[in-house]
Amino acid sequence: MSSATLAPVFAALADDTRWQILQELGRSDLSASALATRLPVTRQAIAKHLAVLAEAGLVVPVRAGREIRYQALGSRLSETARALDAIGAEWDRRLAAIKRLAEEPS
């Protein structure tokens, strides 16, 4: 996953309200109105946050009759987690190399 792909995900998740929205959507698909009853923000603010999350590929709108509900995309979060794991593994490899160099007898 490239940094250009990761940047919008991290920007979206950096906001507390968007993080709360994503947590709610992880439990069940909800409309913007339903989310507004669960969070201390207006429906209009929820709609803006949902647009950011959708742009980052973290949620998708799904029509349910006359209502639009939003669904969290676990695959996008899993993809992000794998990218972070790869970064962590690279840092572990580098730190192990530094440790080996530091512990070599002079």
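I began with the buried residues of H5, which are Arg76, Thr80 and Ala83. I note at the outset that the model is predicted.

**Entry 1: H5 and its cover.** I looked up what lies over these buried residues of H5, and the cover includes H1. I then took the length of H5: the helix has 30 residues and reaches 43 Å from its first C-alpha to its last, close to the 44 Å expected at 1.5 Å a residue.

**Entry 2: H1 against H5.** I asked at what angle H1 and H5 pack. Two packed helices are described by the angle between their axes and the distance between the axes. For H1 (residues 3-13) and H5 (residues 74-103), I recorded an angle of about 110 degrees, with the axes 11 Å apart. Angles of 65 to 115 degrees count as roughly perpendicular, and H1 and H5 are therefore roughly perpendicular to each other. On the H1 side I listed Thr5, Leu6, Val9, Phe10 and Leu13 as making the contact, and on the H5 side Arg76, Leu77, Thr80, Ala83 and Leu84. Sorted by class, this contact has seven nonpolar, two polar and one charged residues.

**Entry 3: H4 and its two faces.** I turned to H4 (residues 43-55), whose 13 residues reach 18 Å from first C-alpha to last, close to the 18 Å expected at 1.5 Å a residue. Which residues of H4 are buried? I found Ile46, His49, Leu50 and Leu53. They cover an arc of only 105 degrees around the axis, so they sit on the same side of H4. An α-helix has 3.6 residues a turn, so residues three or four places apart point the same way. The face turned away from this buried side of H4 carries the exposed residues Gln44, Lys48 and Glu55.

**Entry 4: surroundings of H4.** I looked up what the buried residues of H4 pack against, and found H1, helix H2 (16-27), helix H3 (32-38), strand E2 (59-64) and strand E3 (67-72). I also noted that H4 is followed by Gly57, whose phi is positive, near 80 degrees.

**Entry 5: Leu53.** Is Leu53 buried or exposed? Its relative accessibility is 0%, and buried means under 20%, so Leu53 counts as buried. Leaving aside residues up to four places away in sequence, I found that Leu53 touches Ala12, Arg18, Ile21, Leu58 and Val59. I also recorded the separation of Leu53 and Leu22: they are 31 residues apart in sequence, and 8.2 Å apart in space from C-alpha to C-alpha.

Key
Residues numbered from 1 in each chain as written. Predicted model: local features only at pLDDT ≥ 70, side-chain atom pairs only at ≥ 80, totals over all residues. Heavy atoms only, no water. Axes fitted to C-alpha atoms, helices over the stretch in contact; angles between N-to-C directions. Helix = DSSP H or I, 4+ residues; strand = E, 2+ residues; numbered from the N terminus. Parallel < 35°, antiparallel > 145°, perpendicular 65-115°, else oblique. Contact = heavy atoms within 4.5 Å. Nonpolar A, V, L, I, M, F, W, Y, C, P; charged D, E, K, R; others polar. Expected span 1.5 Å × (residues − 1). Buried < 20%, exposed > 50% of the residue type's maximum accessible area, 1.4 Å probe, protein only. Arc of directions from axis to C-beta.
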